[in-house]
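Biologist: Hi! I have a new model open on my screen, could you walk me through it?

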Amino acid sequence: MTHQKENKETRKVLLSLAQSIQERDIVTYEHSRRVAVYAQRLARNLGWSRQEALDLASAALVHDLGKTWIGNDILNKSAALSIEERRKMERHPVIGARILIGYEIHRFYIDAVLHHHESWNGQGYPSQLKGEEIPLSARILTIADVYDVLTSQRPYKAPLTREEARERLLAGSETNFDPGLLRAFIQLLDTTPEFTLSQPASALEFKDLQSSSFYSLFIAGS
């Protein structure tokens, strides 16, 4: 199989898995779509090729795939998670990676999904990797993921403003985040008007997304 054909087949599998996320939990799907855009923007800003950035965006689109195996009582809980509930939630990167392994997806995507909750200081999960032990793809996803969580409405929190989220990210430099990547992200945030993506406001908008092409999911990121 040629590299081009392999990439095409991989995209088909990842898009199918992303659609399964959409059917299971539209909130997780929309979060993943925004993370894909943020990650792609940062990758391009760092000098990645368009294809490399799209590959990363594809990984971002399924980074929370493992949450499709987590119960709604945990996913949608408005109160703090118990120790046991948090333990179950923290298994989602491993579950997602195992699903991708089952499809024989390239290691690039598996590593990004498996390690997107690692921390620069080694206090993350599931492998407690530290610094540059963490795959670069996962380090980028970590920043994009947290930024979207901070600026999104969740059952347990109101969204932060762009400025508030910026300060939260900076507070995590050298603990949660790769400081060099974080500087690049903050620079992008500071120089890009309307950087923060809006959240679809109606069921009709969610429905429209189902007919979107794969690449249109990555709006404003090329």
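This is a predicted model: local features need pLDDT of at least 70, side-chain atom pairs count only at pLDDT 80 or more; totals for chains, interfaces and linings use all residues.

Biologist: Great. How many helices and strands does the chain have?

Modeller: There are eleven helices and zero strands.

Biologist: And what share of the residues is buried?

Modeller: Of the 222 residues in the chain, 49% are buried. Buried means under 20% relative accessible area, exposed means over 50%, and partly exposed is in between, using a 1.4 Å probe and protein chains only.

Biologist: Let's pick a helix pair. How do α2 and α3 cross?

Modeller: The axes of α2 (residues 26-45) and α3 (residues 50-61) come within 8 Å and cross at roughly 155°. That makes α2 roughly antiparallel to α3. Axes are lines fitted to C-alpha atoms, for helices over the stretch in contact, and angles run from 0 to 180 degrees between N-to-C directions. Angles under 35 degrees count as roughly parallel, over 145 as roughly antiparallel, 65 to 115 as roughly perpendicular and the rest as oblique.

Biologist: Which residues meet there?

Modeller: On the α2 side they include Val35, Ala36, Ala39 and Ala43, and on the α3 side Ala53, Leu54, Leu56 and Ala57 are among them. Sorted by type, the residues of the contact of α2 with α3 are ten nonpolar, two polar and three charged. Ala, Val, Leu, Ile, Met, Phe, Trp, Tyr, Cys and Pro count as nonpolar, Asp, Glu, Lys and Arg as charged, and the others, Gly among them, as polar.

Biologist: Is α3 largely enclosed or open?

Modeller: Largely enclosed by the rest of the structure, because nine of its twelve residues are buried. Among the buried residues of α3 are Asp55 and Ser58, along with Leu54 and Leu61.

Biologist: Moving on, which residues of α8 and α9 make contact?

Modeller: The geometry first: the axes of α8 and α9 come within 9 Å and cross at roughly 140°. That makes α8 oblique to α9. The contact is made by Ile143, Val146, Tyr147 and Leu150 of α8 with Arg162, Ala165, Arg168 and Leu169 of α9. By type, the residues of the contact of α8 with α9 are six nonpolar, no polar and two charged.

Biologist: Tell me about Leu169, is it buried or exposed?

Modeller: Leu169 counts as buried, at 0% relative accessibility. Leaving aside its neighbours within four places in sequence, Leu169 is in contact with Ile143, Val146, Tyr147, Leu150, Phe177, Leu182, Phe185 and Ile186. The C-alpha atoms of Leu169 and Ile186, 17 residues apart along the chain, are separated by 8.5 Å.

Biologist: Phe185 is on that list. Where is Phe185 found?

Modeller: Phe185 is in helix α10, and at 0% relative accessibility Phe185 counts as buried. Beyond its neighbours within four places in sequence, Phe185 is in contact with Tyr38, Leu42, Ile143, Tyr147, Leu169 and Phe195.

Biologist: Which bond is cis here?

Modeller: A cis peptide bond joins Tyr125 and Pro126, with omega about 10°. Pro126 lies in the loop between α7 (107-114) and α8 (136-150).

Biologist: And what is the phi of Glu104?

Modeller: Glu104 has a positive phi of about 55° although it is not a glycine. Glu104 sits in the loop between α6 (92-102) and α7, and at 73% relative accessibility it counts as exposed.

Biologist: What about Glu174, where does it lie?

Modeller: Glu174 lies in the loop between α9 (162-171) and α10 (179-191). Its phi is positive too, at about 70°, and Glu174 counts as exposed at 54% relative accessibility.

Methods: Residues are numbered from 1 along each chain as its sequence is written. Side-chain values use heavy atoms; hydrogens and water are left out. Helices (H or I, at least four residues) and strands (E, at least two) are DSSP runs, numbered from the N terminus. Contact means heavy atoms within 4.5 Å.
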